[in-house]
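Here's a quick look at the charged side chains in this one and who they pair up with. Have the viewer open while you read.

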Amino acid sequence: GRSTLDLTYGAALRFGARLGSNQLAFVVDYSGWQSLEDRSVITFGALNLAAEYTRTFFGDVVAMSLAAGPSILLTDSLLDDAGSVGLFIELRPAGFRWRTKHLNIGLDPLSFTIVAPVLGALPLVRVQYRTTVTLEFRP
């Protein structure tokens with residue numbers, strides 16, 4: 001995705017297992033930030049690793065999820081070194097799911113995400129409001 005306000009990009013992969021209306025997944029999420037001077041250059045980035053719990057309702061049509069884990073700074077900043085580890089939290093309170101034979105399509109119109117790869121004296125914390133589209137492949 002791309003934000004015109006916060007100058008961020010992102011993509012994620014989720015690997016998990018489902019049992020009824022409960023799903024546990026491992027999340028690999030990348031959050032990149034554009035340079036304010038040159039919008040064509042991505043200067044910062046964080047790799048977020050998380051455990052995620054998802055619960056579906058109303059015949060798997062509505063879903064809510066919570067993910068939490070470490071956030072790792074991938075590039076040096078003016079104050080912090082690459083490799084700094086902080087916190088990642090993502091709450092998707094109400095999303096919609098459509099099922100086909102081998103594919104679930106999801107839309108989470110609003111999710112709340114905290115990407116905080118540095119929690120020291122001068123923390124690097126990005127609060128993001130995301131719209132997420134998901135594709136879930138089923139055997």
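## Salt bridges and their surroundings

Glu 136 is partly exposed at a relative accessible area of 22% (buried is under 20%, exposed over 50%, partly exposed in between; 1.4 Å probe, protein chains only). This is a predicted model, where local features need pLDDT of at least 70, side-chain atom pairs count only at pLDDT 80 or more, and totals for chains, interfaces and linings use all residues. Residues are numbered from 1 along each chain as its sequence is written, and side-chain values use heavy atoms, with hydrogens and water left out.

A salt bridge puts a side-chain nitrogen of Lys or Arg within 4 Å of a carboxyl oxygen of Asp or Glu. By that rule there are nine, including these:

| Pair | N to O distance |
|---|---|
| Glu 136 and Arg 18 | 3.0 Å |
| Glu 52 and Arg 14 | 3.0 Å |
| Asp 108 and Arg 92 | 2.9 Å |

Asp 108 and Arg 92 are both buried. Bridges with shared partners join Arg 14, Asp 29, Glu 52, Glu 90, Arg 92, Arg 97, Asp 108 and Arg 130 into one network. Within the Glu 52 pair, Glu 52 counts as buried at 4% relative accessibility, while Arg 14 is partly exposed at 27%.

What about Asp 60: buried or exposed? Asp 60 counts as buried, at 15% relative accessibility. Leaving aside neighbours within four places in sequence, Asp 60 is in contact (heavy atoms within 4.5 Å) with Arg 18, Ser 21, Arg 97 and Arg 99.
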